[in-house]
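Open the viewer and get ready to click along. Each stop tells you what to select and what you will find there.

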Amino acid sequence: MPVNPELQGREFPPAAPYLVGREKVREFARAVFATSPINHDVEAARAAGHADVVAPPTFAVVVQEHTLAQLLAEPDAGIDFSRVVHGDQRFTSSRAIVAGDELTARLTVSSVKTLGAHSMVTAESVISDAAGEHVVTAISTLVVRGDD
Amino acid sequence: MTQANQTPDFDALAVGEVVAERHVHLTRDALVRYAGASGDFNPIHYRDDVAASVGLPGVLAHGMLTMGLAVQPVVDWAGDPARVADYQVRFTRPVVVDPEQGADVAISAKIGQLDAEARTARVDLTVTFEGATVLGKAQVRVVLA
């Protein structure tokens with residue numbers, strides 16, 4: 001079943017707010033081999049001018065994930081998760097994520113393209129802080145493999 | 001521990017200069033750790049039987065794990081993870097992680113472009129596994145102002 005082309009342009013309601021925990025930042029940092037003290041040590045982070053430990057540049061994927069789950073659950077999307085391959089990924093930040101941030105992500109499907117039997121769905125999740133200020137935009141292209 | 005908060009001198013940089021290189025040895029433990037930290041529990045990243053059943057050559061590292069670890073040499077060079085303003089990759093080839101031998105990923109970070117007005121550097125990453133590139137168009141924009 002091909003991906004529904006009418007998904008293009010669809011906006012989703014904001015996902016539930018995500019509270020960034022200090023230990024979560026440290027756990028994620030260890031998992032991506034991040035050894036900068038600014039990722040782990042509150043004093044080092046404060047000395048560098050940050051409010052708390054700073055998350056690695058790809059941490060936003062944890063928050064974005066909740067919006068992608070909304071997309072995959074969309075009843076008319078036609079996206080079979082077992083056929084999804086991650087095509088590309090981008091993070092464009094206004095500022096780094098730090099422990100203590102309360103983040104809200106909102107997904108828009110920016111494009112749906114068909115390439116032979118495959119579909120390419122590009123989804124953009126805009127992540128804002130509790131004050132409504134932009135923090136980071138996470139853009140993913142999911143390749144949905146068609147029947148071989 | 002790496003020393004934090006020492007920003008490279010923008011004016012001393014040149015396009016083509018290699019600013020960081022690193023090898024990372026990935027094991028199955030690393031994949032399980034990333035699964036837990038990220039919440040991506042797709043079994044192709046820890047179960048050989050599931051990977052085989054969907055036609056994969058073996059258990060694969062999460063693309064987002066490869067993306068996440070590949071930027072770390074740049075973070076250490078830049079002195080602060082907050083200096084990364086933009087980071088993009090294309091996932092071109094999977095990293096197969098052998099249950100016993102693991103997988104060695106090599107990272108090389110080179111200055112691709114310099115914007116003197118914004119004092120930002122575009123750092124281009126070459127990330128290889130078994131001699132082949134696994135990430136395409138891997139670019140990091142770093143603010144050095």
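Which residues of chain B does the UniProt annotation "domain: MaoC-like" cover? Select residues 17-110 of chain B: the annotation, from an unreviewed entry, covers that span. Keep in mind that you are looking at a predicted model.

**Stop 1: the annotated span**

Now switch to a cartoon view.

**Stop 2: where the chains meet**

Show chain A and chain B together. How many residues of chain B are in contact with chain A? There are 35, and they touch 32 residues of chain A. About 2800 Å² is buried between the two chains. Carbon and sulfur atoms give 61% of that area. Next, select A37(B), M64(B) and P81(B). In chain B, these three lose the most area to chain A. Together they account for 18% of what the chain B side buries.

**Stop 3: contacts across the interface**

Select R90(A) and D86(B). Their side chains form a salt bridge, with 3.0 Å from N to O. The count between chain B and chain A is one salt bridge. Polar contacts cross the interface too: eight residue pairs are found, with both residues at pLDDT 80 or more.

Now color the chain B side by residue type. It divides into 20 nonpolar, nine polar and six charged residues.

**Stop 4: two positive phi angles**

Go to E130(B). You will find E130(B) in the loop between strand 4 (120-129) and strand 5 (132-133) of chain B. E130(B) has a positive phi of about 50 degrees, although it is not a glycine. Is E130(B) buried or exposed? E130(B) is exposed, because its relative accessible area is 71% and exposed means over 50%.

Move on to K137(B). This residue is in strand 6 (residues 135-143) of chain B. K137(B) is not a glycine either, yet its phi is positive, about 40 degrees. With a relative accessible area of 46%, K137(B) is partly exposed.

Technical notes
Residues numbered from 1 in each chain as written. Chains lettered and ligands numbered in written order. Predicted model: local features only at pLDDT ≥ 70, side-chain atom pairs only at ≥ 80, totals over all residues. Heavy atoms only, no water. UniProt positions renumbered as here; feature names shortened; annotations may be inferred. Helix = DSSP H or I, 4+ residues; strand = E, 2+ residues; numbered from the N terminus. Buried < 20%, exposed > 50% of the residue type's maximum accessible area, 1.4 Å probe, protein only. Contact = heavy atoms within 4.5 Å. Buried area = accessible area lost by both parts, 1.4 Å probe. Salt bridge = Lys/Arg side-chain N within 4 Å of Asp/Glu carboxyl O. Polar contact = N/O pair within 3.5 Å; in protein donor to acceptor, adjacent residues only side chain to side chain. Nonpolar A, V, L, I, M, F, W, Y, C, P; charged D, E, K, R; others polar.
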